[in-house]
Amino acid sequence: MKINTQGADWWVRLILLVCASTSVLLVGAILVSLVREGLPALWEVSLSSFLSTVWRPISFVQEQFGLAPLILSSLFVTMVAGLIAVPLGLGAAVYISHVARPVERERLKPSVGVLAGIPSVVLGFFGLMVMAPLVKRVFGLESGLCALTGSLLLAFMALPTIITIAEDALRSVPNNYIEASLALGASQAQTVFRTIVPAARSGLVAASLMGIGRVIGETMAVLMVTGNAVKMPESLFEPVRTMTATIAAEMGEVAFGGVHYHVLFLISLILLIITIAINWIAQWALRKSQLTQ
Amino acid sequence: MSQLCSGTVLEKNSAGEVESELAPRGVKIRARNLDFFYGDSQVLFSISMDIPPRKVTAIIGPSGCGKSTFLRTLNRMNDEIEGARASGTVLIDGEDILDQDCDVVALRRKVGMVFQRSNPFPKSIYDNVAYGPRVHGVRDKRKLRDIVEKSLRGAWLWKEVSDRLGASAFDLSGGQQQRLCIARALAVGPEILLMDEPASALDPTATSRIEDLIRDLRKEYTIVIVTHNMQQAARVSDYTAFLYKGKLIEFGRTRKLFTNPTDKMTNDYITGRFG
């Protein structure tokens, strides 16, 4: 479209350009502020402190900023959430896209949307009041506030993303593959698992990664149910504290501009890099799936 | 012959062929008063036709005349369409395939289909042909290999691909892909092959190769081919059915139908006055 550089068109173009640029500028601004506040930590804190397994940001003797417990806790809780959410989500997507009758699909799809819209603090509350006691009872624990409860909540939060994207990928499998399979005498189940799922493979990988990328940065729910004891994650049934929960819990009381403050920004930066990396891989897989179809 | 439907008992003659009142010799597919509906709109009107075994029968007619619908009734592919409904009878070897009890999986093993646009799976050449046998439970590697080779030979593709069975089916040319789809259909051991405009997306060279192949396959298979190309129908088929607006106007030997049609409308159509 050729746009007139004079008059109303020009203004419309300018306003739309500002709208379109906002998100890019925001990402840039966030990145710059994280780098500016986080990088100083790299020379304020010794390498051995970062590499230690102790997180003791406030101490009368010696502060320790071991990042491993935080990063590993985040990865651990997220990985377990993925192990729960990926099979569940892909199964749901297969059902909604190719098995469900139209009436069922009309009921199921909106409910997935509702799950996506539940605020994380509400889900955290549900975790605190329902899931934690349940986990405690089922596994006979002293407390239900542990890594597993956090993983379960994160799995719930990852489900809508996984289901929505996976369903799109499954539904975009060309109908002529499906017809070819049925015409060879394959049953519906055989057609789903031997033709549709393999054809949508890259899209399903993308869906899983995006679901995981969506929850690794999740804060409120994990803060509420994981027990928040900073230690190396060893078991599903012990409390952990993720990177996000640490930032949220400590940022409010930290001395502005201090070492601890800089380290928290550094953690944010690491989290952002992990999230961006997962998203890039997911986007790449998604593009690949669109190319093959 | 596999039993498709419960309840129908057929006698076999000395040659092992089925012979009865419902399935006389010389009839492979018998349609009687076949009506077909998509929702409220009727697209086939009381079609009655006897399709002979091991011959090529062409279905011709203008777009929207119901020829593809008729073809897809023969392997119940229309089942996949919401609101589609058929009434009347279609007997294959004397068994009513429109019957509720008819085993659609067994039917589709017996009645293979080749589609208008070649639609190989995004898999290797080998896996495409092996798909059907695998679905039907063939696990033995050597047996699978034999089936794949035999099917590819049957579809005149073996020589071109025997050294690269692991290559993607998408690396093949359009005509090769369509022959691959024919090989894939042959691999489940059908008796009937349905072809829905199998050459309409191909160039003339590939088309003539497919047509020669169809003439060759006729020795072993009953072939029903839908085509909008009248020259093609005249070239490949032994019998021709002319459908117009969902009704069977004329059915007979191809030579007769193209040189001396009984019906005026058939005459108008084949001489290009409409359609």
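## Conventions and model

Helices (H or I, at least four residues) and strands (E, at least two) are DSSP runs, numbered from the N terminus. The structure is a predicted model, in which local features need pLDDT of at least 70 and side-chain atom pairs count only at pLDDT 80 or more, while totals for chains, interfaces and linings use all residues. Residues are numbered from 1 along each chain as its sequence is written, with chains lettered from A and ligands numbered from 1 in the order in which they are written.

## Confidence

The predictor assigns the complex an ipTM of 0.88 and a pTM of 0.82. Among the elements of chain B, the lowest mean pLDDT, 89, belongs to helix H10 (residues 264–270) of chain B, and the highest, 97, to strand E8 (residues 222–226) of chain B.

Over residues 7–18 of chain B, pLDDT stays under 50, and for this stretch the model has 17 contacts beyond four places in sequence; two residues are in contact if their C-beta atoms, placed from the backbone, lie within 7 Å. Where pLDDT is low, the predicted coordinates should not be read in detail.

## The sheets of chain B

Two strands pair if DSSP finds at least two bridges between them. An open sheet of four strands in chain B has the order E2-E1-E4-E5, with antiparallel pairing. Its edges are strand E2 (41–51) and strand E5 (95–96) of chain B, each with a single partner strand, so one side of each is left without a neighbour in the sheet. Seven bridges join strand E1 (residues 29–38) of chain B to E2(B) in the antiparallel sense, and Phe36(B) stands opposite Leu44(B) in E2(B). The hairpin of E1(B) and E2(B) has two residues between the strands, and within this hairpin Gly39(B) takes a positive phi near 60°. Strand E4 (residues 84–92) of chain B pairs with E5(B) over two bridges, again antiparallel, and Ile92(B) has Glu95(B) of E5(B) as its bridge partner.

A further open sheet of chain B contains six strands in the order E6-E7-E8-E3-E9-E10, with mixed pairing. Here E6 and strand E10 (247–253) of chain B stand at the edges, each with a single partner strand, so one side of each lacks a neighbour in the sheet. On average, neighbouring strands of this sheet are turned by 15° against each other, direction ignored. Strand E3 (residues 56–60) and strand E9 (residues 239–244) of chain B run parallel and are joined by four bridges, with Ile59(B) opposite Ala241(B) in E9(B).

## Helix packing in chain B

Axes are lines fitted to C-alpha atoms, for helices over the stretch in contact, and angles run from 0 to 180 degrees between N-to-C directions. Helix H6 (residues 174–186) and helix H7 (residues 204–217) of chain B pack at an angle of about 20°, with their axes 9 Å apart. H6(B) and H7(B) are therefore roughly parallel to each other; angles under 35 degrees count as roughly parallel, over 145 as roughly antiparallel, 65 to 115 as roughly perpendicular and the rest as oblique. The crossing of H6(B) and H7(B) is right-handed, a crossing being right-handed if the near helix is turned clockwise from the far one by less than a right angle, and left-handed if anticlockwise.

From H6(B) the contact takes Gly174(B), Gly175(B), Gln178(B), Arg179(B) and Ile182(B), and from H7(B) it takes Ala206(B), Arg209(B), Ile210(B) and Leu213(B). By class, the contact of H6(B) with H7(B) has four nonpolar, three polar and two charged residues, where Ala, Val, Leu, Ile, Met, Phe, Trp, Tyr, Cys and Pro count as nonpolar, Asp, Glu, Lys and Arg as charged, and the others, Gly among them, as polar. H6(B) also lies across E6 and strand E7 (192–196) of chain B, running at about 170° to E6(B).

## Helix packing in chain A

In chain A, the axes of helix H8 (residues 175–183) and helix H9 (residues 188–199) come within 10 Å and cross at roughly 155°, and H8(A) and H9(A) are therefore roughly antiparallel to each other.

The axes of helix H5 (residues 102–117) and helix H7 (residues 147–171) of chain A come within 8 Å and cross at roughly 140°; H5(A) and H7(A) are therefore oblique to each other, and their crossing is left-handed.

## The contact between the chains

The contact takes 19 residues from chain B and 15 residues from chain A. On the side of chain B that touches chain A, the elements giving two or more residues are helix H2 (104–110), strand E6 (111–114) and helix H3 (125–135) of chain B, and the residues of this side divide into nine nonpolar, five polar and five charged.

Technical notes
pLDDT = per-residue confidence, 0-100.
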